[in-house]
Amino acid sequence: MNFQDLILTLQQFWSDQGCLLVQPYGSEVGAGTFNPNTYLRALGPEPYQVAYVEPSRRPTDGRYGDNPNRLQQFHQYQVILKPSPTNLQELYLDSLRAIGTTPQDHDVRFIEDDWESPTLGAWGLGWQVWLDGLEISQFTYFQQCGGIDCKPVTGELTYGLERIAMYLQNVDNVYDLKWSDRVSYGEMAKRSEWEWSTYNFERADAELHVQHFQQYEQQCRQLLGMEKNAKGHWAHGEPDPLKRLVLPAYDCVVKCSHLFNLLDARGATSVTERQGYIGRVRAIARACAESWLSQREAMGFPLLKDAPPPTGDPREARP
Amino acid sequence: MSHGSESQPLFDQLLFEITTEELPAGLARSALGSMETLVREQLAQARVAHGAVHTMGTPRRLAVRVSNIATHQSRLEERKMGPPIQVALDGEGKPTPAGAGFAKRCGMDPSSLIQVETDKGVYVACDVVMEGKPTQEILGDVLVEVTRSIPFQKSMRWGHVAVPFARPVCGFVALLDDTVIPLQWAGVTSGRQTTGHRFLAPGPVVIPHANQYEDCLRKHHVVVDVGERAALMDARMEQACKDAGVTLVPDEALREETLFLAEEPFALVGSFRPEYLQLPPTLVVAVMRDHQKYFATTKNEHVATEETAPLAPHYVNVVNTALRPGDITRGNDRVLEARLRDAQFFVDEDVRKPLVEHASQLGRVTFQSKLGTLQDKADRIAHILGTWEFEPAMPPETLRLAAQCCKADLMSLTVGEFPELQGHMGAYLVEQQNAQGGMDPQVGQALVEHYAPRFSGDALPTTALGQALAAADRVDTLVGCFAVGLRPTGSADPFALRRAILGLWRIATEGSQSFSVRALCKAAHDAHRLITQRPATQQVASKGDGKSKGQLASWEDTWALVEAFLDSRLRAYYGDRFAPDIIDACLTADAWAQPKGLLARMEALTAFRAGPGAEKLTVAHKRAFNLTKKSHVEDYDEQLLKEPAEVALQQVVTRVGRTVTQQAQALDFAGALDSLARELSGPVDEFFEQIFVMSEDEGLRHARLQLLHRVVNTIGQVARLERLGG
């Protein structure tokens with residue numbers, strides 16, 4: 001199964017399960033979790049099921065195309081099921097069957113892996129999924145997003161597409177993968193890995209990125225209508241959540257996060273500064289989460305209207 | 001209140017199982033322990049008599065069996081006290097409305113009121129009898145209470161379920177013999193149906209009777225009894241090793257973890273390319289154990305530890321299924337190959353630079369914003385080591401190198417990727433460098449050892465340099481943190497100072513070197529003053545780090561805090577071996593200067609207290625102490641003491657004082673206490689018998705008090721007996 005067939009198969013499988021299929025986010029992200037389809041949709045009471053490929057950039061993982069396992073840009077397949085269904089693990093195993101692995105012939109295990117994103121103020125509990133010792137997916141029950149309790153809880157499945165494809169195609173080097181039957185992954189990505197690694201580690205203009213970080217941070221607050229209060233803390237100055245531009249503001253958060261990752265790869269942050277940047281991204285990410293939730297509330301949580309009555313689920317909310 | 005004790009017919013057993021999505025392996029064991037305690041507590045509270053309680057569990061289930069369950073709760077007989085008789089009964093002895101109301105509240109007829117005499121007069125009372133309900137009716141509530149009370153380090157919610165558990169709960173089996181106990185929690189109801197092995201026997205498993213639980217599951221590839229599963233796992237690992245011609249390197253922590261990663265464990269032996277055996281063995285083991293949960297193997301037939309056994313290029317992998325062992329092993333081999341290749345890459349990169357070159361990067365890393373960079377720390381360690389009196393002496397070059405390089409491997413790619421390699425990577429780099437000559441091999445071992453002891457009960461560094469480096473590293477962190485106000489509070493101890501101080505103390509007391517903890521702390525304080533606080537212009541150029549140096553507290557203030565901390569930690573540390581007042585009497589300033597003496601002191605004093613001379617000496621000491629505690633030691637004119645009893649005491653105290661000082665220095669505290677008891681107790685007694693200390697004559701009073709000061713201080717060289725109880 002070539003790389004694009006793998007994606008097509010997962011798309012078909014999760015579409016059949018009732019997921020919306022959406023396209024990757026239009027800005028650089030470190031993981032599918034940053035996509036607003038996960039980070040924002042995990043908030044509040046509205047049900048949501050979505051699946052998408054997310055090209056994910058981790059500047060520090062770049063190896064100039066030399067390492068057979070590490071890339072500065074790889075692909076996640078992200079599935080969001082809210083509320084998390086009772087048969088989430090079974091659905092996941094069915095998806096493995098769909099891509100041609102028979103779980104009973106392999107050693108498939110769910111190994112504890114708790115997830116936390118300090119920049120997003122988000123955490124959850126779950127597993128990494130091992131297939132014959134290879135970590136192929138992460139499985140998380142979101143407990144908090146932007147510092148807000150997730151009610152109901154969202155289940156997140158993240159497939160490491162390159163890893164799975166290498167397993168399925170029985171190759172030891174990511175660049176030997178077949179992207180299609182005619183074109184290799186190396187053809188598609190090797191030069192790109194070299195260019196981006198060079199850029200991330202050597203050429204990126206650190207000063208420019210520091211400036212951009214500040215400007216996007218500033219812009220984010222403006223879009224949310226935030227002002228400094230008497231104590232010098234940032235607070236919402238715009239009382240009507242519908243007048244806040246939450247999605248563009250969140251876009252600024254995503255940009256800040258990536259700019260920070262770049263500065264980190266560039267070696268342009270000291271340990272203490274690092275903590276400072278993380279805290280700044282978290283602060284605006286939280287502000288977006290809060291605004292988004294108030295906005296959805298002001299809109300009357302539109303997706304609740306079409307939702308099946310929650311009593312259908314035996315695990316429904318209890319008194 | 002009493003429980004009825006009439007013998008009851010019994011149910012054979014109660015079986016309760018919580019099935020879940022895969023539990024974290026590290027939580028299962030303690031969850032089962034809590035479950036047993038909770039079951040006992042809840043059944044006692046519900047007044048249900050029972051026999052043995054046995055827990056079982058796998059990654060997907062927590063279960064408990066209780067044998068010999070009473071069919072009913074015990075009868076409860078309780079006397080409830082009511083109002084005084086004059087309130088409860090009228091003149092004719094009939095219940096007043098108040099008396100009748102009390103009886104009604106007890107659920108009894110007013111005619112059943114009885115009269116009870118108490119200290120405060122006669123009161124009415126009701127003897128209430130509550131017949132036990134059938135066990136079957138109350139067990140549901142008991143089991144729900146058990147389930148919701150199991151404590152987990154981290155718990156979660158899922159879906160719309162509002163109650164927390166370690167992982168989502170899938171089902172309950174609750175059987176009293178062959179009857180289902182109905183219960184509901186987290187949206188799940190109980191029944192007699194559980195699930196088999198996720199892959200080898202998927203689907204429902206029906207349990208007809210509680211006593212068939214293990215058998216039913218075993219048939220469906222779930223070995224639910226932990227002991228049985230451990231034995232099976234051990235046997236299969238041993239067989240797999242035998243077949244492959246290797247010996248397992250035991251790893252208790254990994255064994256415990258893998259035990260809770262499979263419902264039926266299978267053992268497969270895989271291999272890697274032998275050239276990876278050139279890597280540091282600790283690294284190979286770390287890659288296998290920490291990242292893949294594989295056991296290391298060796299060709300040796302008898303194995304003590306991973307550190308001594310030469311590794312074989314094979315590993316043991318405990319898996320949860322083995323229909324196609326060849327495929328599974330091929331997959332695992334490939335993953336390990338990729339990981340080892342990665343590790344090889346890091347090591348190759350690191351070896352290109354000598355260790356001192358790695359060390360030159362330390363100035364770029366902040367140790368703690370108020371305590372400077374790792375370079376500052378290394379410089380301080382060098383200063384502290386410079387004050388250390390090695391026996392035999394150590395070349396200064398070796399000391400400088402050890403201090404400079406002890407944190408250098410933190411700069412290596414390998415430790416960046418495998419933090420558990422800290423110390424080992426430094427030693428490996430020393431070794432590589434030594435192949436070309438140049439570094440004192442003692443340094444390498446000291447680099448590994450200076451992280452020990454890492455936890456309570458861990459072995460100490462074995463070499464003198466290792467101990468000195470370990471002590472210097474700890475004392476630097478300890479004194480630095482206290483001097484800039486970073487004290488542990490409550491459960492927050494981010495710099496692990498509690499562990500650091502006990503580690504330091506163990507090195508001081510159990511190590512091969514003798515040193516004064518107080519003097520070492522002073523050296524550390526000097527180092528902080530000289531190095532961290534040096535003017536910014538002398539600092540290694542590093543961004544932003546020069547500005548935020550914290551203000552260093554004075555030596556006196558710092559030592560007061562460290563001493564109090566040490567005092568409280570040692571009381572806890574020795575608390576299970578010595579009586580609190582013995583510890584109290586021996587924890588004196590001398591203990592910090594002479595740590596090795598403390599244990600001997602406490603042992604000698606414990607033995608002495610049980611002996612015949614103790615009481616007399618203690619009383620003598622306390623009397624002298626009480627009289628002198630309001631004055632200070634000063635000079636006095638011995639000539640003023642003329643009475644025979646005071647002259648005698650004066651002579652004895654001088655003579656015994658000399659003996660005791662020598663004995664104390666030789667750590668012969670039993671001998672010292674014996675000398676004091678034999679020679680000093682009598683003369684002190686005689687002195688108090690004959691002499692009126694608080695004389696009108698000021699000069700004489702002063703001389704007598706000062707003589708008593710000498711008594712107190714002579715005894716105090718061994719222990720402060722005034723702190724002894726009784």
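Modeller: Helix 11 of chain B passes helix 16 of chain B in a right-handed crossing. A crossing is left-handed if the near helix is turned anticlockwise from the far one by less than a right angle, and right-handed if clockwise. Helices here are DSSP runs (H or I, at least four residues), numbered from the N terminus. This is a predicted model: local features need pLDDT of at least 70, side-chain atom pairs count only at pLDDT 80 or more, and totals for chains, interfaces and linings use all residues. Residues are numbered from 1 along each chain as its sequence is written, and chains are lettered from A and ligands numbered from 1 in the order in which they are written.

Now the geometry. Helix 11 of chain B spans residues 374–386, and helix 16 of chain B spans residues 464–483. Their axes lie 9 Å apart, at an angle of about 120°. Axes are lines fitted to C-alpha atoms, for helices over the stretch in contact; angles run from 0 to 180 degrees between N-to-C directions. The two helices are therefore oblique to each other. Angles under 35 degrees count as roughly parallel, over 145 as roughly antiparallel, 65 to 115 as roughly perpendicular, and the rest as oblique.

Next, the contact residues (C-beta atoms, placed from the backbone, within 7 Å). Helix 11 of chain B brings B:Lys377, B:Arg380, B:Ile381, B:Ile384 and B:Leu385. Helix 16 of chain B brings B:Ala468, B:Leu469, B:Ala472, B:Asp473, B:Val475 and B:Asp476. The contact of helix 11 of chain B with helix 16 of chain B divides into 7 nonpolar, no polar and 4 charged residues. Ala, Val, Leu, Ile, Met, Phe, Trp, Tyr, Cys and Pro count as nonpolar, Asp, Glu, Lys and Arg as charged, and the others, Gly among them, as polar.

Definitions and conventions
Two residues are in contact if their C-beta atoms, placed from the backbone, lie within 7 Å.
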